[in-house]
Each structure stands twice: as C-alpha cells, then as structure tokens.
Amino acid sequence: MPRATAPTDWAACERELAAGAAALGLELGTGVRARLLDYLAELANWNATHNLTAVREPRAMVARHLLDSLAVLEAVTGPRLADVGTGAGLPGLVIALARPEIAVTLIESSAKKAAFLRHVRRRLQLANVEVVRARVEAHAPATGFDCVICRAFAAADDCLRLAGHLVGPGGRFLLMKGRDPAAELGALPPAFRHRETRALTVPGLDAARHLVVLEPVRA
C-alpha cells in the first residue's frame with residue numbers, strides 16, 4: 001500500500017482512479033493504477049516539506065493531477081514526448097506510467113523539482129523517463145520530439161517561442177489550458193499553425209479544461 005504523510009483512504013483513491021479512467025475511455029490495468037498511486041504517495045510525501053504542488057491531499061490529486069493528465073493521453077502521438085516545465089511531473093510522469101512504450105523527457109529548471117523527478121524515476125524504476133534540469137529555451141536535443149506538451153506553463157506564443165524548437169518534423173505541440181484560450185491563438189509565431197482546440201471533461205473536476213493542438217508549418 002502506498003505511503004503518505006497523513007492517513008489517506010487509498011482504496012477510495014483507487015476506486016476514483018479506476019472509475020475516472022473508465023469514464024475517459026482508457027483501459028488501465030490494476031498494475032498501472034497501483035503505480036500511479038505510488039507516484040501520488042511519493043508526491044504527497046515530498047510535498048509535506050518541499051511544496052511541489054498546491055494540492056495537498058492525495059485524494060484530491062486523483063482528479064486534479066492524475067485524471068487531468070490522463071485526459072490528454074489520446075492526443076499524444078509518436079514514440080518520443082517532451083514535457084516542458086513539468087514541475088512535479090504533470091502530465092509527463094503520468095503519461096510515462098500509463099504508456100511505458102513512450103519515451104518521456106521531463107524538462108524542469110527547478111532544482112528541487114528535478115530532484116523529486118529523479119527520485120520517482122529511481123523509486124518506480126521508470127526506464128522510459130529522462131529528467132533534464134534546464135531552462136527549456138537552452139535545451140537543444142540532437143533530435144526533435146514527436147510531441148511536446150506543457151501544462152500551465154505560459155501563454156501560447158511564449159510556449160512556442162521558448163520550446164517550439166523541440167518539435168521534430170511532423171510533430172505536434174500540445175497546450176493544456178483551463179478556459180478556452182482562443183484569445184491567445186491570434187499571436188502565434190508564423191512557424192506554427194493552430195490545428196484544433198478540444199474541450200475536455202475531467203471526471204471529478206468541476207472546472208474548464210481545453211487542449212490546444214499546434215503543428216509546425218511545413219516549408
């Protein structure tokens with residue numbers, strides 16, 4: 001059973017995760033769900049002293065962190081994903097746990113958050129996860145990614161200005177947003193185009209969620 005700094009009804013967390021995943025149309029086995037809850041337990045433990053996320057209770061994290069991240073899973077394409085400004089690993093670590101066939105690079109400039117990410121990678125033995133402590137604009141991998149994603153990182157134009165170079169040929173850039181971000185999309189740099197915006201429903205979360213899909217403009 002996962003550990004936490006305060007008594008937690010992990011059975012209730014597991015039920016809510018299973019029901020939420022089913023509502024999203026995802027098939028997550030009991031082993032995957034157990035590893036996702038192990039991740040939440042590590043996050044709750046570290047959060048008690050390192051303040052990694054404003055959400056304090058593991059049960060609240062099920063909807064606000066796990067299901068919110070899983071809601072975008074269907075839009076993730078290709079075998080290589082970069083999560084920009086991942087913070088405590090959202091959504092990148094969740095995606096890596098749910099889809100171990102995807103190689104996920106977590107990019108984070110904060111030393112304490114990068115330390116947490118490395119701890120979780122070791123603790124959960126995540127061979128498909130790489131942690132890069134760097135400012136995203138300074139990270140220059142040899143090969144671009146099939147998919148780049150960011151959650152609550154910056155406005156659309158700033159995200160592309162700072163991290164657009166990470167998208168490889170034929171790749172896509174995913175922006176996780178709250179309210180409809182239509183007002184942000186008029187200022188996109190000319191190298192990218194807006195493909196679509198999807199309204200998302202996250203089980204257990206009474207808040208607006210949108211996913212913006214952007215693509216490089218082909219020369």
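Biologist: Starting with Cys13, is that residue buried or exposed?
Modeller: Cys13 is buried, with a relative accessible area of 0%, where buried means under 20% relative accessible area, exposed over 50% and partly exposed in between, using a 1.4 Å probe and protein chains only. This is a predicted model, in which local features need pLDDT of at least 70 and side-chain atom pairs count only at pLDDT 80 or more, while totals for chains, interfaces and linings use all residues. Residues are numbered from 1 along each chain as its sequence is written, and side-chain values use heavy atoms, with hydrogens and water left out.

Biologist: And how many disulfides are there?
Modeller: The count is zero disulfides, taking a disulfide as a pair of cysteine sulfur atoms within 2.5 Å.

Biologist: Which residue stands opposite Cys147?
Modeller: Leu81 stands opposite Cys147, which belongs to strand S4. S4 covers residues 145-151 and pairs with strand S1 in the parallel sense over four bridges; strands (E, at least two residues) and helices (H or I, at least four) are DSSP runs numbered from the N terminus, and two strands pair if DSSP finds at least two bridges between them.

Biologist: What else does S1 pair with?
Modeller: S1 also pairs with strand S2 (residues 103-108), in the parallel sense and over five bridges, with Ala82 standing opposite Thr105 of S2. S1 itself, residues 80-84, is mostly covered, since four of its five residues are buried.

Biologist: What unit do S1, H4 and S2 make?
Modeller: Together with helix H4 (residues 92-98), S1 and S2 make a right-handed β-α-β unit. The crossover is called right-handed if, with the strands pointing away from the viewer, the path from the first strand over the helix to the second runs clockwise.

Biologist: OK, zooming out, what order do the strands of the sheet take?
Modeller: Seven strands form an open sheet in the order S3-S2-S1-S4-S5-S7-S6, and the pairing is mixed. Strands S3 (129-133) and S6 (192-200) stand at the edges with a single partner strand each, so one side of each is left without a neighbour in the sheet. From one strand to the next, the twist averages 20°.

Biologist: Where is Leu211?
Modeller: Leu211 lies in strand S7, residues 209-216, and is buried at a relative accessible area of 1%. From C-alpha to C-alpha, Leu211 and Pro181 are 9.0 Å apart in space, although 30 residues apart in sequence.

Biologist: Switching to helices, how do the axes of H2 and H5 cross?
Modeller: The axes of H2 (residues 30-50) and H5 (residues 111-123) come within 11 Å and cross at roughly 150°. That makes H2 roughly antiparallel to H5, given that angles under 35 degrees count as roughly parallel, over 145 as roughly antiparallel, 65 to 115 as roughly perpendicular and the rest as oblique. The axes are lines fitted to C-alpha atoms, for helices over the stretch in contact, and angles run from 0 to 180 degrees between N-to-C directions.

Biologist: And how do H1 and H3 cross?
Modeller: The axes of H1 (residues 10-23) and H3 come within 10 Å and cross at roughly 25°, and these two helices are therefore roughly parallel to each other. For H2 and H3, the axes come within 11 Å and cross at roughly 125°, which makes H2 oblique to H3.

Biologist: What about phi of Asn51?
Modeller: Phi of Asn51 is near 50°, a positive value in a residue other than glycine. Asn51 is in the loop between H2 and H3 and counts as partly exposed, at 49% relative accessibility. Gln125 also has a positive phi, near 55°; its place is in the loop between H5 and S3, and Gln125 is exposed, with a relative accessible area of 69%.
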